[in-house]
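Biologist: I would like to go through this structure term by term. For each label, please give the value and the cut-off behind it.

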Amino acid sequence: AVNRKEKLVMGFMGTGVFEQLHFLMGFEDTLMNMLAEPEAMMELLDIVGEYRLTYIKLLVDNLKPDIILSHDDWGSKNSMFMSPKIWREMIKPQYEKIYGYAKERGVMILHHADSFMEPIVEDMVDLGIDIWQGVLPQNDIVELQRQLNGRMVLMGGIDAAIVDHRDATEDVIRAEVRRACSTYGPGGGFIPSLT
């Protein structure tokens with residue numbers, strides 16, 4: 001029933017590969033098992049990855065969306081949850097299959113991760129992520145814009161710690177939004193938003 005000439009159709013895929021792992025066994029055990037039991041974790045990752053691949057196939061083949069919003073946080077405000085090496089060995093291969101399926105069918109990828117992810121930004125481009133939603137200002141957004149040169153849009157930049165609480169005044173909110181727009185707007189490939 002969607003008028004596709006006037007509306008963008010988005011499919012949603014919450015709780016990504018890494019998040020499903022820590023939902024299953026807890027956050028600390030997930031990270032510890034990646035180091036202590038890598039073979040067993042790779043088996044589990046393949047199962048979770050296959051589930052997610054089936055999920056995206058159902059969305060893409062039946063809904064035929066223009067874009068998929070996929071959610072998987074890979075870091076905290078100031079660092080990744082694991083080394084880029086471990087992420088590349090364990091998490092990235094699953095997304096190569098999942099996002100690859102959608103990209104082969106012309107579907108854009110909007111990946112939410114309100115995390116520090118500077119070390120893997122080129123990997124995100126390799127995965128076909130069109131928009132990184134949730135980019136925190138703790139990432140060097142200006143440098144990332146220069147490095148990416150339009151290959152991936154950065155959506156975020158507004159510091160939630162400043163504006164997203166009941167005591168935030170209109171002046172404080174306007175100043176933070178103005179800071180984000182004036183700092184990151186000139187670099188292009190930027191959509192201001194909260195995480």
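Biologist: Why is T15 called partly exposed?

Modeller: The relative accessible area of T15 is 25%. Buried means under 20%, exposed over 50%, and partly exposed in between, with a 1.4 Å probe and protein chains only, so T15 at 25% is partly exposed. This is a predicted model, in which local features need pLDDT of at least 70 and side-chain atom pairs count only at pLDDT 80 or more, while totals for chains, interfaces and linings use all residues. Residues are numbered from 1 along each chain as its sequence is written, and side-chain values use heavy atoms, with hydrogens and water left out.

Biologist: Where does T15 lie, and what is said of its phi?

Modeller: T15 lies in the loop between β1 (10-13) and α1. Helices are DSSP runs of H or I with at least four residues, strands are runs of E with at least two, and both are numbered from the N terminus. The phi of T15 is positive, about 50 degrees, although T15 is not a glycine. Most residues other than glycine have a negative phi.

Biologist: Which other residue has a positive phi although it is not a glycine?

Modeller: N149 has one, again of about 50 degrees. N149 sits in the loop between α6 (141-148) and β5 (153-157). With 66% relative accessibility, N149 counts as exposed.

Biologist: Which residues of helix α1 are buried, and what do they pack against?

Modeller: In α1 (residues 17-25), the buried ones are V17, F18, E19, Q20, L21 and H22. They pack against α2 (27-36), α3 (38-63), β2 (67-71) and α4.

Biologist: What makes V107 buried?

Modeller: V107 has 2% relative accessibility and therefore counts as buried. V107 is placed in the loop between α4 (84-104) and β3 (108-112). Not counting residues up to four places away in sequence, V107 touches V60, P65, D66, I67, I68 and A102; a contact here means heavy atoms within 4.5 Å.

Biologist: Is S115 buried or exposed?

Modeller: S115 is buried, at 0% relative accessibility. S115 lies in the loop between β3 and α5 (121-126). The residues S115 touches include D73, W74, G75, S76 and W132.

Biologist: Why is R88 called partly exposed, and what joins R88 and D123?

Modeller: R88, found in helix α4, has a relative accessible area of 35%, so it is partly exposed. A polar contact of 2.9 Å joins the side chains of R88 and D123. Their C-alpha atoms are 8.2 Å apart, and the two residues are 35 apart in sequence. P93, P119 and I120 are also in contact with R88.

Biologist: Now the whole chain. How many helices and strands does the protein have?

Modeller: There are eight helices and six strands. Their order from the N terminus is β-α-α-α-β-α-β-α-β-α-β-α-α-β.

Biologist: What makes the protein as compact as a globular protein of that length?

Modeller: Its radius of gyration is 18 Å, close to the 16 Å that the globule rule gives for 195 residues, so the protein is as compact as a globular protein of that length. The radius is taken over C-alpha atoms, and the rule is 2.2 Å times the number of residues to the power 0.38. The C-alpha trace spans about 50 × 45 × 35 Å along its principal axes. Buried residues account for 46% of the 195. Among contacts between residues at least 6 apart in sequence, 64% join residues at least 24 apart.

Notes: Polar contact = N/O pair within 3.5 Å; in protein donor to acceptor, adjacent residues only side chain to side chain.
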